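This report describes selected features of one structure, beginning with a pair of strands and continuing with aromatic rings and a pocket. Please consult the sequence and the model shown below while reading.

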Amino acid sequence: METAAEWSFDSSSEADTRRLGALLAAQLVPGTVIALNGNLGAGKTRLVQAISAALGVDPAEVNSPTFVLVQEYEGRLPLYHFDTYRLKDTDEFLELGADELLYAEGVCLIEWAEKVSEVLPPDVLQITITHVSETARRFEFSGQGPRSTRIIAALKTTG
């Protein structure tokens with residue numbers, strides 16, 4: 001039987017987003033794949049920076065890899081940060097070596113993940129970010145599979 005979970009978090013400031021990133025980072029284990037979706041300026045990269053900082057990466061090193069397409073960071077866990085916005089298709093994503101990184105011993109954070117959803121593993125933590133106002137964002141989490149549902153269950157108790 002499939003397990004599924006949902007949860008949402010409302011952020012009214014960058015401090016709230018940093019707190020969410022820290023809560024999320026505390027739950028991450030090797031092999032976690034996080035799909036980040038939302039309009040331009042929604043806060044995908046800000047959340048990646050918050051997660052990275054909580055994992056021991058200098059947030060100044062973390063920026064949107066729009067032109068590089070994938071960046072690697074070393075923290076408590078290796079982080080693979082993808083931006084698929086400019087990709088034409090999933091073949092380009094796979095040519096980046098994504099298929100190897102998705103199953104590596106690190107954490108994959110994929111901005112614009114809906115563009116490559118068909119090649120992502122079945123157990124992905126989906127985060128949809130909605131721009132509510134100049135400073136407010138809504139983060140909607142959904143997961144299907146043991147790893148993502150465990151993360152959401154933990155966030156429900158700590159967030």
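## A strand hairpin

Strand 3 and strand 4 form a hairpin, with three residues between them. Strand 3 covers residues 70–74, and its pairing with strand 4 is antiparallel, over five bridges. Glutamate 72 has tyrosine 80 of strand 4 as its bridge partner. Two strands count as paired if DSSP finds at least two bridges between them. Helices (H or I, at least four residues) and strands (E, at least two) are DSSP runs, numbered from the N terminus.

## Basis of the model

The model is predicted: local features need pLDDT of at least 70, side-chain atom pairs count only at pLDDT 80 or more, and totals for chains, interfaces and linings use all residues. Residues are numbered from 1 along each chain as its sequence is written, and side-chain values use heavy atoms, with hydrogens and water left out.

## Aromatic pairs

Five aromatic pairs are present in the structure. Rings of Phe, Tyr and Trp (its six-membered ring) pair if their centres lie within 6.5 Å; planes under 30 degrees apart count as stacked, over 60 as edge-to-face and the rest as tilted. The pair of tryptophan 7 and phenylalanine 9 is tilted, because the ring centres are 5.9 Å apart and the planes stand at 45°. Both tryptophan 7 and phenylalanine 9 are buried, where buried means under 20% relative accessible area, exposed over 50% and partly exposed in between (1.4 Å probe, protein chains only). Ring pairs also join Trp7, Phe9, Phe139 and Phe141 into a cluster.

Tyrosine 85 and tryptophan 112 form another tilted pair, with centres 4.8 Å apart and planes at 50°. Tyrosine 85 lies in the loop between strand 4 (78–83) and helix 3 (90–95), and tryptophan 112 in the loop between strand 5 (107–111) and strand 6 (125–131), so the pair ties together parts 27 residues apart in sequence. Tyrosine 85 is partly exposed, at 35% relative accessibility, whereas tryptophan 112 is buried, at 11%.

## The largest pocket

The largest pocket holds about 370 Å³ of space. Its lining comprises 21 residues, with Gly41, Ala42, Gly43, Lys44 and Arg46 nearest the centre. A pocket is an open set of points on a 1 Å grid over the protein atoms alone, where a 1.4 Å probe fits, with protein on both sides within 12 Å along at least five of seven lines; lining residues have an atom within 4 Å of a point. Helix 2 contributes the most to the lining, with four residues.

Terms used:
Grid points are joined across faces, edges and corners, and a volume is the space filled by probe spheres set on the points.
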